[in-house]
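Open the model in your viewer and keep the sequence panel beside it. The tour below goes stop by stop.

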Amino acid sequence: MQTAGIVLEKILFVGVMIAVGFLCGKLGVINRETNRKASELLLLVISPCLILTSYQVDFSPALLHNLLLAFGLSAICFAIHLLCAYVFIRPNRPDAEVERMSVIYSNCMFLGIPLVQALYGPEGVLYLTAYVTGFNLLFWTQGVILMSGRGDWRLMLKKLCSPALLSIAVGLTLFLLRVRLPEVVRAPLAAISDMNTPLAMLIAGATIAETDMKSCLLQPRIYRVVLLKMIAVPALAELALCFLPVEPILLLSMILAAACPTASYCTMFAHRYGKNSGYAAQIFTLTTLSSLVMLPLVVLTADLLL
């Protein structure tokens, strides 16, 4: 119960930042190009710094054991995402690719990392890197094939060398070798990492400001996708994970990552491959708004099951 209250407090905290981003978008302070550049800054610089610094903790066999477990648990979560997307969304309907991608891929970096960081600190972010690794590996392989209808192997290989995965590789190597960065390096990286949450929420709010909410709310089909993403997937993840003999911080980090709203990447991919990017942005908006209510409920039910 206490954890759910903390999540609610943090959700309200980030909700205010999303509202500020929304106002900035409506007033033109953050336009589409500014939003795109800020997203690149977050993905290419700030989030990798946060991931790298999360590995700067004292090595212990127990921590390594939990990190390896996190990779296994994230695989279970992604299996649930894929199952829901491919069983409940038929392939022969318009925008099926956009809907499937929206159900499979969560906003684990933009929202998951800051939320887990606020709740569990560097240890939670350390475990979440396993989920982020799975996200990147799957997104740039299965996601490319889903949206393009073919395997763009050159793009896949290029994106698998993304800053997020590179920061995980470097951070994990330093962790295993028990190497601590000097303070003159670690402190600036940590300061850059502190920008992750506010910038991510401003971007989310500005993205929502670009969406035609009236058109969004009048589409019956979109509610089916939101229910799958925000209720079915988290519920199945809880049922699959909560009865395992694993530390609560590890379980809740994985469940929160799976319960996050649709990744903003889905809108970018829809635009890149000529799919319905407007519909993708609407799904992103509704799942993000519903997460303000659903994420505390997910943690509350997980607390009751643990």
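## Stop 1: helix 11

Helix 11 bends by about 35° at Leu228. The bend at a residue is the angle between axes fitted to the seven residues ending there and the seven starting there. Helices here are DSSP runs (H or I, at least four residues), numbered from the N terminus.

Before going on, note that this is a predicted model: local features need pLDDT of at least 70, side-chain atom pairs count only at pLDDT 80 or more, and totals for chains, interfaces and linings use all residues. Residues are numbered from 1 along each chain as its sequence is written, and side-chain values use heavy atoms, with hydrogens and water left out.

Now select residues 220-241, the 22 residues of helix 11. At 1.5 Å a residue they should span 32 Å, and the end C-alpha atoms are 31 Å apart, which agrees. The expected span is 1.5 Å times one less than the number of residues.

Colour the buried positions of helix 11: Ile222, Val225, Val226, Leu228, Lys229, Met230, Val233, Pro234, Ala237, Glu238 and Leu241. Buried means under 20% relative accessible area, exposed over 50%, and partly exposed in between (1.4 Å probe, protein chains only). Leu228, the site of the bend, is among the buried residues.

Which helices do the buried residues of helix 11 pack against? Show helix 3 (61-88), helix 4 (96-104), helix 10 (213-217), helix 12 (248-259) and helix 14 (277-305). Contact means heavy atoms within 4.5 Å.

## Stop 2: helix 9

Select helix 9, residues 196-209. Helix 9 has 14 residues and reaches 20 Å from its first C-alpha to its last, close to the 20 Å expected. Helix 9 is mostly covered, with 12 of its 14 residues buried. Among them are Asn196, Thr197, Leu199, Met201, Ile203, Gly205 and Ile208.

## Stop 3: the rings at Phe59

Go to Phe59, in the loop between helix 2 and helix 3. A search of the whole structure finds six aromatic pairs. Phe59 and Phe175 form a tilted pair, 5.2 Å centre to centre with 50° between the planes. This pair links distant parts of the chain: Phe175 is in helix 7 (residues 163-176), 116 residues from Phe59. Rings of Phe, Tyr and Trp (its six-membered ring) pair if their centres lie within 6.5 Å; planes under 30 degrees apart count as stacked, over 60 as edge-to-face and the rest as tilted.

Buried or exposed: what is Phe175? At 2% relative accessibility, Phe175 counts as buried. Phe59 is partly exposed, at 22%.

Leaving aside its neighbours within four places in sequence, Phe59 is in contact with Leu64, Phe175, Leu176 and Arg178.

## Stop 4: two positive phi values

Step to Arg178, in the loop between helix 7 and helix 8 (183-193). Its phi is near 60°, a positive value in a residue other than glycine. Arg178 is exposed, with a relative accessible area of 58%.

Then pick Asp95, in the loop between helix 3 and helix 4. Phi of Asp95 is near 65°, also positive in a residue other than glycine. Asp95 is partly exposed, at 25%.

## Stop 5: pocket and cavity

How much space lies in the largest pocket? About 1200 Å³. Of the 36 residues that line the largest pocket, centre the view on the closest to its centre: Arg36, Ser264, Thr267, Met268 and Phe269. Helix 2 gives the largest share of this lining, eight residues.

On a 1 Å grid over the protein atoms alone, a cavity is a set of points where a 1.4 Å probe fits but cannot get out, and a pocket is an open set with protein on both sides within 12 Å along at least five of seven lines; lining residues have an atom within 4 Å of a point. Grid points are joined across faces, edges and corners, and a volume is the space filled by probe spheres set on the points.

The search finds two cavities of 30 Å³ or more. The largest cavity holds about 70 Å³. Its lining includes Leu43, Cys108, Phe110, Phe135, Ser264 and Tyr265. Helix 5 (residues 108-148) gives the largest share, four residues.
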